[in-house]
Amino acid sequence: MTATATLSAPLATGKRTRRRAGWLGTVPYVVIGLYVLVGMVGPLLLDYDPVHTPLEDRLLSPGSTTADGGTAWLGTDDLGRDVLAQIVYGARTSVLIGVATVGISSVVGLLLGAVAGFARGWLDAVLARIFDVLLAFPAILLAIVIAGAFQRSVLLVVVALSATAWISFARVTRSVALSLRERAWVDAARVLGVPNRSILWRHVLPFTAGPIVALATLEFALVVLAEAGLSFLGIGLPSSTVSWGQTIANGKTYLETAWWISTLPGIALSLLIINVGILGDQLTARYGRGRRDP
Amino acid sequence: GDDTADAGDSGEAAGGDVVAAGTYPIESLDPHGAQGASTGTQFAGQAIFSRLVRPAPDGSLTGDLAESWEPNADVTAWTFTLRDDATFSDGEPVTADDVVASFERMITLDGPNAGNFPEYTMTAASDTEVTITAPAPDAAVPGKLLIFYVIPVGVAPDDTAFFAEPVGSGPFTVGAFTPGDSLELVPNENYWGDVPQVDSVTVRNIPELSARLTALRTGEVDVVWGIPDDQLGALQGEDTLTVETVPSTAVYTMWFNSSIPSLTTPEVRRALWQAVDFDTIISTLYPETGTLAEAPVSPLVLGYSPQEPVGYDPEAAQAALTAAGFDFSQSLRLQFANAEFRPFIQAVVSDLAEIGVTVEPLEKEQAVFTEDLLALNWDINFQQLATPTYDAASNLGRLYTCAAGRNGYCNPELDALLAAAGGSADEAERTDLYGQASEIIWRDAVGMYPMAVSLAYAWNSDLEGFTPDPSGLPDFSTVTVSGS
Amino acid sequence: MIKLILRRLLIGVFVMWGAASLIFVIVRVAPGDPATVMLGPDADPEQVARLHETLGLDRPMFAQYLSFLGDAVRLDFGDSHRLGRPAMEAVFDRLPATIELTLAATAIAVVVGLTLGLVAGGRPGGVVDRVVSAATIALQSFPTFWVGIMLILVFALGLRLLPSAGVGTPQHMVLPAVTLALPFTAIVARLTRSSVAEAMREPYVQTARSKGLTEPQVLVGHALRNSLIPVVTVVGLQMGALMGGAVIVENVFAWPGLGSLVVDAVANRDYAVVQAVTLLIAGIVMVLNLVADLLYTQLDPRIRMEGAS
Amino acid sequence: MSLLEIRDLRVTFGRRRDPFVAVDGVSLDVGAEQTVGLVGESGSGKTTVARCVAGLQRPDAGTVTFEGRALDRVGRRPSPLQRAVQMVFQDPRSSLNPRMSIDAIIGESWRTHPSAAPSGDRRAAVHALLADVGLDADVASRRPGDLSGGQCQRVSIARALAVRPRLLVCDEAVSALDVSVQAQILRLLVDLRRTHHLAMLFISHDLGVVHQIADRVAVMRRGLVVEEGPASDVLGAPQHEYTRALLDAALDLDDAGSVTG
Amino acid sequence: MSDVRTARAGGSPVAQHEALLQVDGLTVDLPGTRGDLRIVDGVSFDVPAGTTVGLIGESGSGKTMTANAIIGLLPDGAGTGGRLLWRGEDLLHAGAGRRRKARGHEISMIFQDPLAALNPTQRIGRQVGEILRRDGVGRGEVRRRVVELLDRAGVPDPASRAGNYPHEFSGGLRQRAMIALALAGNPSLLLADEPTTALDVTVQARILTLLHSIQQDEGLSILLVSHDLRVVANVASQVVVMYAGRVAERGPAPAVLRRPAHPYTKALVRSVPAVRTKTALADPLPGAPATPANRPAGCPFHPRCPIAQDRCRSEVPAVREVAPGRFSACHFAEEVLAP
Ligand SMILES: Nc1ncnc2c1ncn2[C@@H]1O[C@H](COP(=O)(O)OP(=O)(O)OP(=O)(O)O)[C@@H](O)[C@H]1O
Ligand SMILES: Nc1ncnc2c1ncn2[C@@H]1O[C@H](COP(=O)(O)OP(=O)(O)OP(=O)(O)O)[C@@H](O)[C@H]1O
Ligand SMILES: [Mg+2]
Ligand SMILES: [Mg+2]
Ligand code: NI
C-alpha cells in the first residue's frame, strides 16, 4: 500500500494550466460517475436478497431464464443468486470500504503529516519513527494479522486496511508541508504575525489537496484489491456481506465451469480500478511532480 | 487430458511413485504431540507407525499390533495381546514396553489425544500383553485407541530430532519431510506385514482447489480427495481418472442451544428443523457427497440406528412456532468456522427466512469458534462432526450428557442410557442403547442432523488397489501402479 | 558511510522494538485462546490450564512482554506448541522459498518494468507511452489470486505448458513468480516512466543533446542512471510489499513459503509463529530499506558525499 | 538611538559538530526613515540578517532591537512590534498564496492586526491601498496567478503597507524582475518611503541599484560587515579591499568594452 | 589570460566578418493552450565569424527559443520557419542527422544554470570528454584532451578536478567546466544562454573575460544571450534587441547602447543605473513587457511607448536600416535616433 509514495512536493504557484486531455480525459469521470450511479440507484431497481438462495437456479450461465421466469443477465452463482445483482450490491460494499479506508487514512495522514511537516521538532521525529515501524510490515501482512485476529466485520476490514494506508498520506502531506513552510508566502504570513494555526489552515493545507486527491485515487484502487485479497484468504468480511471481493473469491473454484461468477465481478472491479487509476494519473500529472509551469 | 507424462511428474521408475494431494497440511509427525489429532499427522502416523487396532472399511475394528483384546468384567480394564512378529523399521521387535512407553509419552505431552484418556493407565502384563485401565467403565477404549500410535521406547517427550527421521513399525518410512508442504514416504523394508510395492508416496499440500484439481488432471498428482460436488463433473469426464465417493463418519450437526429461552422447547427446535428443505439443499448442493442423515451419527459408526426422517413442511413449522409463542422478531446466531460450509449455511438461512425466522450466519475464526462453542455463545452451532473412533461413545456418549453441557440440553434419561452404553462391552447391547439415545436426541431435536457426508476421491486409473478411506486417511500400502 | 549505517542500524533497533511491541499487542488483544484451538473442544479445563502454563500465558501480560522482548533479542520466539518445534525453525524452513519467489518476481519486474518504463518515458505522450501506461494500469487492477488461477487454467490445464502448483523444477517457479511480478512490474514501469520522462526534461539532457548525441544515447547515457535513483528506492521498499503479496500467491500455487504458515498461525493463534514471521519479515524489510538507502547514496554522488562528511 | 539596531548578530547552521557560521557578529543600524543598502556576494549572509530582523530566524547570539525594544522571533513579538517590521521577498510570485485573492491577502493583514485595520469601508480601503502601489481596483478580485511579476511585487508591498510598518526589509525585492519593471518598483519604493515615513533595509547584489536608493551602504563578506558608511563614500571611494574588488568586477554601461578591451 | 593555450586543431580559419551564421526570418511556433503560439516571429540577424553577438531582451521575449532553434533543440511539437544559413547551408531544413552532427562540433551551447546543465551523476571529466569518446578518440587521448580543455577553461588543478562531480564545484567552476564541455567538439559558434546570470559579479567578470580570451585565441563566434545590458555592452560587438519574439533593434553594440534607434532600447538603457556614481531614478516605462502569448497588435511595444501614435497601434513596423548598419523596428526610428 505504499506503492505510491512517489508523489513528491508538487505545488502550483502560477496559474494552473488545464491540460486538454480531449474527450478521452473525461472517460474516467464518466465511468466512475456511472459506478456511483449504479451503486446508488441500482439497488432500488434490482431486487437482491443475499439471504435468499433459489437453489434451483444455481450456476445458470449469463442470459439464462430463472425458475421464476426472470432473466439472469450475468448468470447466477452456486446458490442461484443473481450475479448482476451481486455486482450492483457489491459495488456498495467495495466502494464503501474503499471510500471509508481512504477517508479515514487520508484524514489521519493529512492531520499528522501536516502538523509534523509544519511543526517539525519532536512531533516530526516521533511520527517518522511510527512510519518506520509501520512501514516495516508489508501492508497486506499486517492486514492479514489484524483481519484474521478479530471478529469479522466491514469495520474491521476498514481498520485493517487503514492501519498502513494512512502512512502514504502522512508522508505526502508531510513532504508537501515541509516544502511549503519554505515558501515565501508562508514566511510572509509569519512576518505579518499570522498565528501558526491559521497558517497551517490557510497557507499549507489547501496545497495538500491536489496530491492527496491524486494519492487517494491510487490508494482507493489498492484498498479495493486488498479487500478482494482478504476475501480470498477467507478472512475479513462476514459471509452475509456482498462485496466484489467476496463474489470473486466465491467463484474462484468455478472459474473453469462457471467462469461468470468470478470473472464478471472481476471485470467490474478492474474497470473501476483502471478508471480510478487513470483519474489518479491525470491528477498526479496535474498536481504531482512532473508538471511544468508555463 | 490423456496422459501423465507431464512436467512435474517425478517418475524415473515409471509407475513407482505416487503423488497425492490431500486437503490438509502435515505439520508434524509426532502423533502424541499438539498436532496429534490433526488429520495430517494422523495420516502420517498410520503410514509410519502401527496402532494396536485399526478400522476395517466397514467401520469395525481389526487388529494391527494387537492380535486380540478383551475387557474385564466391569469394562474398566482392557487387555491387548500383541503379535510377536512386529518389528520397527530399524529391525528391533515391537514389545509391550514400547506400547506402554508410547502411551505414557502421549499422556505426558498432554496433547489433544491425551484428553481421551484422563487418568487412564497402561501397564505391560508381559512382553506381548498390555493392559489399559480406565477410572470408570469404558467400552469405547479400543475405538479410542485408533488414534494411538506406537513408537520405540526411550523417545523423550520433547525429542524433535527423532521425528526428523522417525522409526516406526508402519508400512512406510519417511523419505523426506517439509512440514506443512510435503511428506515423502518410502516403503519400510522391515515392515512386518506386506511391504508396499510402490517406490514412494508423496503427499503434497495444495490448498487452492483449482490448483489441486488441475494438478490431478495434468498428471502432476495421482490422487486427490475432498473434492466438492461441483468439481466432480469435470473430473468424471476425464477418462484417465477414477472418481468414487465413500461414506465417511462425519455428519453435519447443527445443535440448537437448548439453554436459551426461545429454544428450550423441543417443539420449537423440531419446527425449525422442519422448516429447512434439507432434501433439496443436499440434492442440489451435494448430489454426490451428501445423503440425508438418518441418525445423529454416521452409518459407519457403532451405535448407528436410523430414525424417522423429519419431513420438510414449512407451514407446519410456522404453525408450530406460532403455537409455541416463538418470537419471530429475534435473530438467531448461527456460528460456523469454515468458508467451505458457507453455501450450505446460506441455503439453510434462506429457508428459515422463508418462514420468517431470522438467522444471522456468523463465520468465525477457528480460535474464536471453539471458545464460543464451549461458552455456548451461539444459538445454532454448525459443525461437521466426524467420529474417527467409529464408536458412538466418542460422539453421543461424550457430547450429549448433562455434564458435558455442550449444547445446553440436559436429559437425565439420556444420561442414563449413555452411561449404560458406555459401560457395556457387548456390541449388540451398545448398539441398542445408543439407538434409544439417538431416538431421544432425534425426537427432542437437540440439533438438526441434515446430512451424512461422503468423501469424494479421484485417482489416476493407473493406481491399482487404491481404496478410498472414510476418514480421508487413505492407505497407500496396498497400492500398486500398473506400468503405463 | 559507516556512521550512516550505524545511525540507520540504531533506528532499526528502535523500529524492531516498535514492530515487536505492535505485534505482541495485536495478537494478544485478539479474541481466541491458543490453548483452546490446540486442544480442541474436548479438552478439560485442567488440561487447558496446564497448557496455558506451558505456554506462559498464565503470567501477567507485562511479564510476558518482557520475556518476549528478552527472547526476541536472541531471535528466540519460543516454541510453536502447535508445530512442536521452535517457531524460528519453522520460519527458517519456509523462508528460502518465499525469498526465492520474491527475488524471481523482483527480477522479472525490474527487467521488464525498467525496459517498458525506459521506452515509454523516452517519449512521453508517444504511442508507446500510451500503450504502456494503459497496460500498466490494467496490470495493477486484477486481484492477484484471480490472475493466478487464470494462469493455472490457461498454462497448466489448457496449454499444458507449465506445472500448476508446488515446487521442484524451475518451471514450477514461472507461474507464481509471474503472478507476483505483474503488479510490481506495473509499478516499476510507471515509476521508471515518470522518472525517465522527468529526467528527459532536465537541462543536462539538453546539454547531452547539444553534444550531438542521438536520442537513445541520451536516454541510456544520461537519463537512465539519474532516473534509476528513485526506482532503486522504490524497488527496495516494494520488495517488502512483495513479500506480503507472496502470501496470497503462495496460497494459490501451493508454494511452500511463509504465506500459508502465517495464515495458519494467525487462525490458530500460534503466537510464536505469528511473531516470528512478522518480525522476521519486518527485519528483512528494514534491511532491504537500508540497502536501498545505501544504494541510493551510491547512485547519487551528491548524497554520497553528504553521507561521507 | 537608531530605529533598528543590530548588535553582534551571529547565526550558525548545520550540525552541532561542525557548524556553518553564516553570520559572524554583524552590527548594523538603520535610522528612522533611512534606507540602508546591504550588498555582498552570494552566501555572504545578507538574507540571514534580514530574516533575523523579520524574526524568521533565531540568532545564536547578538540582539536585534527596534526603538530600543528587543525583537524576538515571530509569534513572540508584541503585536505593535510585529506590525512595525515588514518584509518584501525576492520571488514576487511565490510570496503570495496562489489560492487567495488579492482582497483576501490584504484582508489577512488586517485580520491579524485589527488595530491597523481601516475603520470604514474595507473595500474602499483595499482599493486605496492598491492605488498607493499603482494598481487598479479590479486587481483586488484577482489571484496572484493572473498578475504579472511586477504586479505581484506591488501587491506584496501593499500587503506590508497595510499594517503601517515603520521598517521595510527588502530582500532582493527587485532582482527577479525585468529591468523595465525593476525601475517601476524602485520608483514605487522610493515614493512610498517618503509618503509613509519608512525606513528600509534594502538588500541587493546590484551595486548600481543600491547606489541609486540607499543612504548608507553596508558591504558583507562571509558573514561579516567589512565596510559600512554613506552610499557615496562606500561605492564612490571604497576603503576596504573587498569592496574595491566588488566594484571592479561590476560592469557599467558607460565603460563598455571593459572586458573586450 | 591563461598561459596554456590550445591551438585550434584543424578547421580553416574563417575570414573576419564573413557571416558564419545568417538567421533569416526565423519563426518558432510552440503548441500552447489556445492553439499554436508564435514565440519567435521573423527574427533575422547575422553572426559574423569571430565576433560576439549579444541577444538581449526581457524575460519571455524569445531569446532562449531563438538560440534553441539555432542549435536545433526545440521542444517536441515546435514548428519552425525561415532559414538558418550556416556557412551558406540551410540548417533549418537539413536532415536530423546533419543537424546532430553540427551540434557540439560546429555549434555548441552553454546554459544559464551550470549545475542543472551538468549531469549530477557523472564525473566532470567524463562529461567533458564524452563528445571525444563518441568521435572514437582513444582513452588516453581523451584524458589528455579533457585535462587540456579544463585547463583552458581556467579550472585549477584540472587533472584531479576532472574526477570530481558537478556538485563538488563552485558556481564559477561549473560554468568553466561547461565551457570546456562546449569547446570539446571544436565548434565554430558558441551559443551562451545567460551564462553568467546565476553568478556573482566577480565571478561573472572572470567568466566573461575567459569567454573573450577564448574567442580571441580561437576565432570562435559567440551568440551571447542575456537580459543584462551591461553584460552585452561589455562583450558584444553586435547587439540584437528582442521584444515579444521580434527584433526591435540591431546594430553595432556601442552605437546601439549609446544612441538607441528604438524607444524600447532607449528605456532599457536609461533604466540601468551606474555603479560608481549615484544616478537618479529614471522615469520607468509603464506596464509589463509583452509576451508572445499576448502580443499587442501593431507594434508590440506601443502600449508602453512614450511616443506611440495611432499608426503604431495598427501597423506592424518592419525592421529597416535606419542608419548605416543600424536596423530598427520603429516607425519613428529616425526621430528616436536624432540626438
Ligand atoms: N536554513 C539554512 N540552513 C543551512 N544553511 C543555510 C541556511 N540558510 C542559509 N544558509 C547558508 O548561510 C549562508 C548565508 O546565506 P544567506 O542566504 O544569508 O546569503 P545571502 O547573502 O543572502 O546570499 P544570496 O545572495 O545568494 O541570497 C549561505 O552559505 C547559505 O548556504
Ligand atoms: N516549452 C514551452 N512551451 C510553450 N511555451 C514556451 C515553452 N518554453 C517557453 N515558452 C514560451 O516562449 C516564450 C519565449 O521563451 P524564451 O525562453 O525564449 O524567453 P527568454 O527570452 O529566454 O526569457 P528568459 O529571459 O526568461 O529566459 C515565453 O513566453 C515562454 O512562456
Ligand atoms: Mg539572499
Ligand atoms: Mg531564457
Ligand atoms: Ni562514506
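## Chains that stay apart

Chain B and chain D have no contact with each other (contact means heavy atoms within 4.5 Å), and their closest C-alpha atoms are 51 Å apart. Chain B and chain E don't touch either: their closest C-alpha atoms lie 48 Å apart. Eight pairs of chains are in contact, and among those eight, chains A and C share the most contacts.

Some ground rules: this is a predicted model, in which local features need pLDDT of at least 70 and side-chain atom pairs count only at pLDDT 80 or more, while totals for chains, interfaces and linings use all residues. Residues are numbered from 1 along each chain as its sequence is written, chains are lettered from A and ligands numbered from 1 in the order in which they are written, and side-chain values use heavy atoms, with hydrogens and water left out.

## How confident is the model?

Let's look at pLDDT, the predictor's confidence in each residue, from 0 to 100. Chain C has a mean pLDDT of 83, with 97% of its residues reaching 70 or more. Helices and strands here are DSSP runs, numbered from the N terminus (helices are H or I, at least four residues; strands are E, at least two). Within chain C, helix H9 (residues 203-210) has the highest confidence, at a mean of 90, and helix H13 (residues 301-308) the lowest, at 56. Residues 305-309 of chain C stay under 50, and the model gives that stretch five contacts beyond four places in sequence.

Chain B averages 87, and 96% of its residues score at least 70. Over residues 1-14 of chain B, though, the pLDDT is below 50, and this stretch has 23 contacts beyond near neighbours in sequence.

## Where chain C meets chain A

This contact takes 50 residues from chain C and 44 residues from chain A. Together the two chains bury about 4000 Å², 78% of it on carbon and sulfur atoms. (Buried area is the accessible area, with a 1.4 Å probe, that two parts lose on being put together, summed over both.) In chain C, the residues losing the most area to chain A are Ile137(C), Phe145(C) and Trp146(C), together 14% of what that side buries.

Helices of chain C that give two or more residues to this side include H1 (2-29), H6 (127-139), H7 (144-158) and H10 (215-253). H10(C) provides the largest share, 12 residues. By class, the side of chain C that touches chain A has 36 nonpolar, 10 polar and four charged residues. (Ala, Val, Leu, Ile, Met, Phe, Trp, Tyr, Cys and Pro count as nonpolar, Asp, Glu, Lys and Arg as charged, and the others, Gly among them, as polar.)

How many salt bridges cross the interface of chain C and chain A? Zero, going by the rule used here (a side-chain nitrogen of Lys or Arg within 4 Å of a carboxyl oxygen of Asp or Glu).

## Where chain B meets chain A

Here 24 residues of chain B are in contact with 24 residues of chain A. The buried area is about 2100 Å², with 45% of it on carbon and sulfur atoms. Asp230(B), Arg342(B) and Gln346(B) are the chain B residues that lose the most area to chain A, together 26% of what that side buries.

Side chains of opposite charge can pair when their charged atoms come close. Across the interface of chain B and chain A, the rule finds four salt bridges. Asp230(B) forms a salt bridge with Arg58(A), and the closest N and O atoms are 2.7 Å apart. Helices H5 (229-236) and H9 (342-354) of chain B are among the elements that give two or more residues to this side, and H9(B) brings the largest share, eight residues. The side of chain B that touches chain A divides into 10 nonpolar, six polar and eight charged residues.

## A salt bridge inside chain A

Over all chains, the count comes to 52 salt bridges. One sits within chain A: the side chains of Arg190(A) and Asp187(A) meet at 3.6 Å, N to O. Arg190(A) and Asp187(A) are separated by about one helical turn because they are three residues apart in helix H6 (residues 184-192) of chain A.

## What the UniProt record says about chain C

The unreviewed UniProt entry lists several spans of chain C as "transmembrane region", including residues 174-192 and 228-253. UniProt positions are given in the numbering used here, feature names are shortened, and annotations may be inferred rather than shown by experiment. In the model, residues 174-192 of chain C are 100% helix, and their end C-alpha atoms lie 24 Å apart. Residues 228-253 of chain C are also 100% helix, with end C-alpha atoms 32 Å apart.
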